[in-house]
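I opened my notebook to record what I looked up, entry by entry.

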Amino acid sequence: EQMAQHILLGRAAAIGPPFPQPVARAMLLIRLVNFLTGLDGVSSKLCCYLVDRLNDDFTPWIPSLGHGMAADTTANSHAFQTLIGAGSVFGPDGERQTARAALEQRGAAVLQLSDKEGIALINGVCAAPALAMHAFYQLDELLSLANLVAAVSLEGLAAPKDSLDAGLGKLSSEPGVGKIITAMRKHLNHSQVTAFKLQAPISYRVIPQVHGALFDALTLLRQKIENSLVDFSGNPVMLGENLLSVGLFHNQHLVNQVEQVALALAHLGALSERRLHRLMNNEFTGLPAQLASRPGLDAGLVVVHKASIDLAARLRQQAQPLSLFTAESSSGQEDYMSLAVPAILRLGDMAELVRAMLAYELLAGIIAVRMRPQKAGDSVVTLLDYYQASIASFDSDRSPGADVESILQGFDSETVKALLR
């Protein structure tokens with residue numbers, strides 16, 4: 001009994017801000033699903049206890065920094081030691097509360113563990129798929145936002161729309177290409193903007209391919225997450241009469257797909273920076289250089305592009321395959337780690353960078369579209385109408401930081417979210 005408790009207590013070494021509450025709740029559910037296979041050798045009492053904690057909103061506080069153990073052991077320790085009254089949970093108002101106090105408030109006794117239940121709780125893959133689910137929903141919405149911003153830039157550049165022809169989707173075996181073309185055409189419906197040049201820059205022609213690659217990477221990520229939710233991942237495993245020491249906890253397939261998503265996301269951001277630069281160039285737009293109202297006197301939006309360059313550099317750095325920095329510990333016993341938790345968490349950091357880059361691009365796109373007399377596509381017009389009050393015209397130079405902040409706030413509005421559906 002002491003060993004079962006010590007296993008939970010001795011590995012909770014993480015620090016820093018917590019995992020989001022939905023992630024922590026998902027971890028409890030995913031572990032429960034594994035237990036219900038019967039392969040982990042735990043009691044029905046433990047399963048029922050997990051059900052009760054899910055139903056009374058008992059949500060562990062799991063710090064996000066310091067997850068260097070094999071599989072999800074550190075995260076699991078923080079999550080499941082709360083069942084024996086150790087560690088912390090989220091209080092009623094989202095504050096940190098001791099697990100023992102939270103159990104007392106619910107009238108629940110601390111869990112009494114049987115022989116194998118301590119090791120069963122710290123083993124298994126549940127933090128990685130829970131975090132990956134959270135990242136998937138975040139990036140799925142971000143991709144829709146990138147499509148909308150790209151549509152504004154297309155109208156701002158007055159780019160020909162050849163690369164969005166409805167027939168092109170049938171020429172590619174990659175599903176994402178057709179999906180992006182369909183989404184972009186919806187945003188540009190009823191556009192009357194005529195092309196300024198016969199051929200658009202490559203950064204505008206390859207939107208379906210670059211955005212589509214992220215769509216396909218996310219589709220595969222979802223598949224790997226769904227596999228993780230149902231695959232048994234404990235160790236050791238009860239297989240018939242045998243107790244086997246195995247490596248089912250090492251979800252390399254999920255981690256590899258996370259790295260693919262990171263690469264695809266970085267390309268999405270890099271393309272945004274390049275489209276923004278083209279909007280500054282009067283040779284491609286036919287508009288004033290740097291979108292300045294008074295070229296020579298005003299600098300225009302050149303500094304907006306320089307800000308995006310900063311974010312693009314950080315984004316490229318974060319796209320490096322973090323999971324390859326695996327190490328060994330425990331005197332060589334644990335000599336290969338997935339680094340799944342830090343690899344997935346960095347997707348959130350990358351998403352924030354891309355979101356900001358899209359805001360910079362959108363500011364230039366709004367100013368460029370305003371300079372054109374022709375009516376833009378339906379979604380573009382709706383978006384410009386929404387930002388009409390918060391983004392004033394650039395009649396002369398001003399500090400654009402506040403405008404970008406307004407755009408970022410607007411991304412969370414119901415008007416913008418409705419355009420992403």
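**Salt bridges.** I looked up Asp 378 and found it partly exposed, with a relative accessible area of 27%, where buried means under 20%, exposed over 50% and partly exposed in between, computed with a 1.4 Å probe on the protein chains only. Its side chain meets that of Lys 375 in a salt bridge, 3.4 Å from N to O, the term standing for a side-chain nitrogen of Lys or Arg within 4 Å of a carboxyl oxygen of Asp or Glu. Lys 375 is also partly exposed, at 35%.

I noted before going on that this is a predicted model, in which local features need pLDDT of at least 70 and side-chain atom pairs count only at pLDDT 80 or more, while totals for chains, interfaces and linings use all residues. Residues are numbered from 1 along each chain as its sequence is written, and side-chain values use heavy atoms, with hydrogens and water left out.

How many salt bridges does the structure hold? I found 17. One of them joins Asp 412 to Arg 355, with the closest N and O atoms 2.6 Å apart. Asp 412 sits in the loop between helix H16 (401-411) and helix H17 (414-420), whereas Arg 355 belongs to helix H14, so the pair ties together parts that are 57 residues apart in sequence. I took helices (H or I, at least four residues) and strands (E, at least two) as DSSP runs, numbered from the N terminus. Asp 412 is partly exposed at 47%, but Arg 355 is buried at 18%.

Another salt bridge links Arg 222 and Glu 226, whose closest N and O atoms are 3.2 Å apart. The two are four residues apart in helix H10 (residues 207-230), and therefore about one helical turn separates them. Arg 222 is partly exposed at 42%, and Glu 226 is partly exposed at 42%.

**Helix H7.** I followed H7 along its 31 residues and found that it reaches 44 Å from its first C-alpha to its last, close to the 45 Å expected at 1.5 Å a residue; the expected span is 1.5 Å times one less than the number of residues. Of these 31 residues, 24 are buried, so H7 is largely enclosed by the rest of the structure. Just after H7, Ala 158 takes a positive phi of about 55 degrees.

**Cysteines.** I searched the whole structure for disulfides, meaning pairs of cysteine sulfur atoms within 2.5 Å, and found zero. Cys 48 is in none, as the nearest cysteine sulfur, that of Cys 47, is 6.8 Å away.
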